[in-house]
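Trainee: I have a model open and would like to go through it with you. Can we start with the charged pairs?

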Amino acid sequence: MIRFPVLAAAVAALAAPVPAAAELLVAPTRVVLTPDARSSELVLVNKGAETAAFRIAIENRRMREDGSLEEAATPQPGEAFADDKLRYSPRQLVLEPGARQVVRIMASAPGTLAPGEYRSHLRLMSAPVSAGTTQLAGEAGSDNSLSIELVAVRSITIPVILRVGSLDASVTMDTAAMAEDAPEQLVVHLTRSGTRSTYGDVSLTVEGEKEPAWLVRGVAIYTPNTARDVILPLPPEVRARLKGQRVRIDYVSTDAAAPADAGKRLASLTAAL
C-alpha cells in the first residue's frame, strides 16, 4: 500500500507505506496478470481532508541499471510492452475525503500471443478539484489583475505485468560494497537470467545473528534487464552496526505471482562492510 505522493523511485524499491502530506492510499503497488487471471483491482482511498481528482493512463517505462525508470517510446530488443493488451476503468475519478474507489484492470491475451512477459505502467495523476474551476493561469480577474494559480500535480506509477506461458528466472548476487562517492549507500549488484522479471526483499544480517539489521522491500529486476545495482541508503545507526562486520545479504522472492518461489532465497552473498 502506498501513501501518495511517494517518490517514484520508491515504487520500485520500497513497498512499505511512506508518510506524506497528501493521503491517497493505493493497494496493491504491483499487478501481475496471466491468461488464467486476466483481471485485478486497485483500491484507492483518499485519506486526506480535501476532495481530490485523479486521471489514470497507461504508459511504457524502462528500468535503468540503477533501478530508476525512464519513459520508453519504442521497445528495445527483448522488451515487450503490454499497453495494447490492457484495459482499465474508470479513467478518471473524484474522491471525497475518506472515500474509496476500485480501479479494474483487465488483460486481453489471445491464444496466439507469444510466451513472455509484457509490462506497462499505470500512471495515477492527481490535482485539486478546484483546478480548472477557478481562475486559470493568466486569466484577468474582476479587478483586471492577472490571477495565477499554481496547482501541485502528483503522480505515481504502478507496474502492470502480463505473463504468458511457462516462464522462469534466476538471480546471482555478484558484489556488495559501500559506494565510493556516497559512503552512506551500499550498492548490491544483481544479475538476472531467464524469461521473466524478479521481485523480492533485500535484507542485511550480521553474521551469527538471526534478525536482519536492515530490510528493503519490493526490489524488482524487469525484463529484458540482466543486471541491476540495488542502491541501499543506510541510516547512520545501521552503518555503525554493520561497520567491520561480515554481513549476509539475501534477496528473497516475494513474487505472489510465482508461488513456487515464494519465500525462496534467490541470491545471497556474505561481505565484510
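Trainee: What does R217 form with D201, and how far apart are the closest N and O atoms?

Mentor: R217 and D201 form a salt bridge, with the closest N and O atoms 3.2 Å apart. A salt bridge here is a side-chain nitrogen of Lys or Arg within 4 Å of a carboxyl oxygen of Asp or Glu. R217 is in strand β18 and D201 in strand β17, 16 residues apart.

Trainee: Where do these numbers come from?

Mentor: This is a predicted model, in which local features need pLDDT of at least 70, side-chain atom pairs count only at pLDDT 80 or more, and totals for chains, interfaces and linings use all residues. Residues are numbered from 1 along each chain as its sequence is written, and side-chain values use heavy atoms, with hydrogens and water left out.

Trainee: Back to the pair. Is D201 buried or exposed?

Mentor: D201 counts as buried because its relative accessibility is 10%. Buried means under 20% relative accessible area, exposed over 50%, and partly exposed in between, with a 1.4 Å probe and protein chains only. R217, at 40%, counts as partly exposed.

Trainee: Which sheet has β18 and β17 in its order?

Mentor: An open sheet of 4 strands, in the order β18-β17-β20-β21, with antiparallel pairing. The edge strands are β18 (214–221) and β21 (265–272), each pairing on one side only. Strands are DSSP runs of E of at least two residues, numbered from the N terminus, and two strands pair if DSSP finds at least two bridges between them.

Trainee: How many bridges join β20 to β21?

Mentor: 7 bridges join β20 (residues 246–253) to β21, and the two run antiparallel. R248 stands opposite T270 in β21.

Trainee: Which side chain meets D250 in a salt bridge?

Mentor: That of R265, at 3.6 Å from N to O. R265 is in strand β21 and D250 in strand β20, 15 residues apart. D250 is buried because its relative accessible area is 3%, while R265 is partly exposed at 49%.

Trainee: How many salt bridges does a search of the whole structure find?

Mentor: The search finds 17. One of them joins R30 to D255, with the closest N and O atoms 3.4 Å apart. That pair links distant parts of the chain: R30 is in the loop between β2 and β3 (31–33), D255 in the loop between β20 and β21, and they are 225 residues apart.

Trainee: Why does R30 count as buried?

Mentor: Because R30 has 13% relative accessibility. D255 is buried too, with a relative accessible area of 1%.

Trainee: Which residues are linked with R30 in a network of salt bridges?

Mentor: E117, R163, R196, D255, D261 and K264.

Trainee: Where is R196?

Mentor: R196 is in the loop between β16 (185–194) and β17 (198–206). R196 counts as buried at 9% relative accessibility. Not counting residues up to four places away in sequence, R196 touches several residues, including E117, R163, D255, D261 and T223. Contact means heavy atoms within 4.5 Å.

Trainee: Where is T223 found?

Mentor: T223 is in the loop between β18 and β19 (227–233), and it is buried, with a relative accessible area of 9%. T223 and G116 are 107 residues apart in sequence and 9.6 Å apart in space, C-alpha to C-alpha.

Trainee: New topic. Which strand does β2 join?

Mentor: β2 (residues 24–27) is joined to β4 (residues 39–46) by 4 bridges, running antiparallel. The bridge partner of A27 in β4 is V43. β4 also pairs with β10 (residues 100–107) in the antiparallel sense over 7 bridges.
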